[in-house]
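Let's read a protein structure together, one feature at a time. Take a look first, then we'll talk.

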Amino acid sequence: MSTNDHAWMALALQLARKGLYSTHPNPRVGCVIVKDGELIGEGWHVRAGEPHAEVHALRQAGDRARGATAYVTLEPCSHHGRTPPCAEALVNAGVGRVVAAMQDPNPQVAGRGLERLRSAGIEVASGVLEAEARALNVGFIKRMETGLPYLRAKLAMSLDGRTAMASGESQWITGPAARAEVQRLRAQSSVVLTGADTVLMDNARLTVRAAELGLDEEMIALAIQRPPLRVLVDGKLRVPLDAPFFQAGPTLVASTRADLVDVYQSAGHELLTFAGDAGRVDLTGLLRQLAERGANEVLLEAGPRLAGAFAAQGLIDEYQLFVAAKFLGSSARPLLELPLDRMSEARELQIKDIRAVGDDWKVIAVPSN
């Protein structure tokens, strides 16, 4: 691989990131077409059901695509879905070389797209900036490989690791810049998931608020056009249907009860039963159902009890911790309800990033394997 290959793939990845808020349940993909060192076509996948990145780029390139090199951030699809296969489009356009960042984890593709290109006499290379490409689609990759979505836990805390006062008061621990970051996390997620305690304590709606996104007009339009599904874990159905959370739009409620399905349906919501151990909601079953519905990334915004339950079961892939420069005191509520007795039981994390967000700090950490 040449330096030029990396540079052109970096541009394709930049284009793919434009789909951060809109491609669900599809992956974010970008494509550039280059001939004699000149960019002749570029494109990115905007939303499901619309043309893929390669198609946009080929339309721009036109007849000049013959003999050119196409750089695409994910292996071109080889199957008929809502759109025709991109591998065939590249073959029909007569491109001479295709460079893919990574193989598609979708079992319907999984190498078949690259093989179709090779069988047509097209030179194929793969693995250019693969780590960056995988990071852009962690949710899609995990869903394809495991049948579960990628679960991020967003937690806001004080320097002494507290999330709310003993009374439950928690607004606002962090400042406006951190809250804008959270809005963007919501917008890029397929699902925002919370619990009854959070909804009851904070009168939470957990919607995407366009005015707080801090994006340009094009990205705001895409972000609010495909709002995430809001999911409430409420095992005993404690949250009344006239709560602000329900008034903000359709919701999926995960409970251990099934006796009020018609009541919730009449109110415009969906009630599903996930009966787990000890009368609690089966959290793994819930995540698996969300993945079956096409959820790639789930954002968990919950109190210490529900967040601790997800953590205890090893279901959290990534922690996004927003840390405010303040102390809430020893009687305030902890970050997680995660009772551990010995140092050997400690849950180790690997810190991926630390940076300032306004007057607060953001720490991204993942469980150590």
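Q: Which residues does the UniProt annotation "binding site" cover?

A: UniProt positions are given in the numbering used here, feature names are shortened, and annotations may be inferred rather than shown by experiment. In this case the unreviewed entry lists Ala-156, Trp-172, Thr-198, Asp-202, Gly-303, Pro-304, Arg-305, Leu-306, Ala-307, Gly-308 and Ala-309. They are spread over 154 residues of sequence, and in space they reach up to 23.9 Å between C-alpha atoms. By the way, this is a predicted model: local features need pLDDT of at least 70, side-chain atom pairs count only at pLDDT 80 or more, and totals for chains, interfaces and linings use all residues. Residues are numbered from 1 along each chain as its sequence is written, and side-chain values use heavy atoms, with hydrogens and water left out.

Q: Is Ala-156 buried or exposed?

A: Buried means under 20% relative accessible area, exposed over 50%, partly exposed in between (1.4 Å probe, protein chains only). Ala-156 counts as buried because its relative accessibility is 15%.

Q: What about Pro-304: where does it lie, and what is it in contact with?

A: Contact means heavy atoms within 4.5 Å. Pro-304 lies in helix H13 and, leaving aside neighbours within four places in sequence, is in contact with Thr-163, Pro-334, Leu-335, Leu-336 and Glu-337. Pro-304 is buried too, at 13% relative accessible area.

Technical notes:
Helix = DSSP H or I, 4+ residues; strand = E, 2+ residues; numbered from the N terminus.
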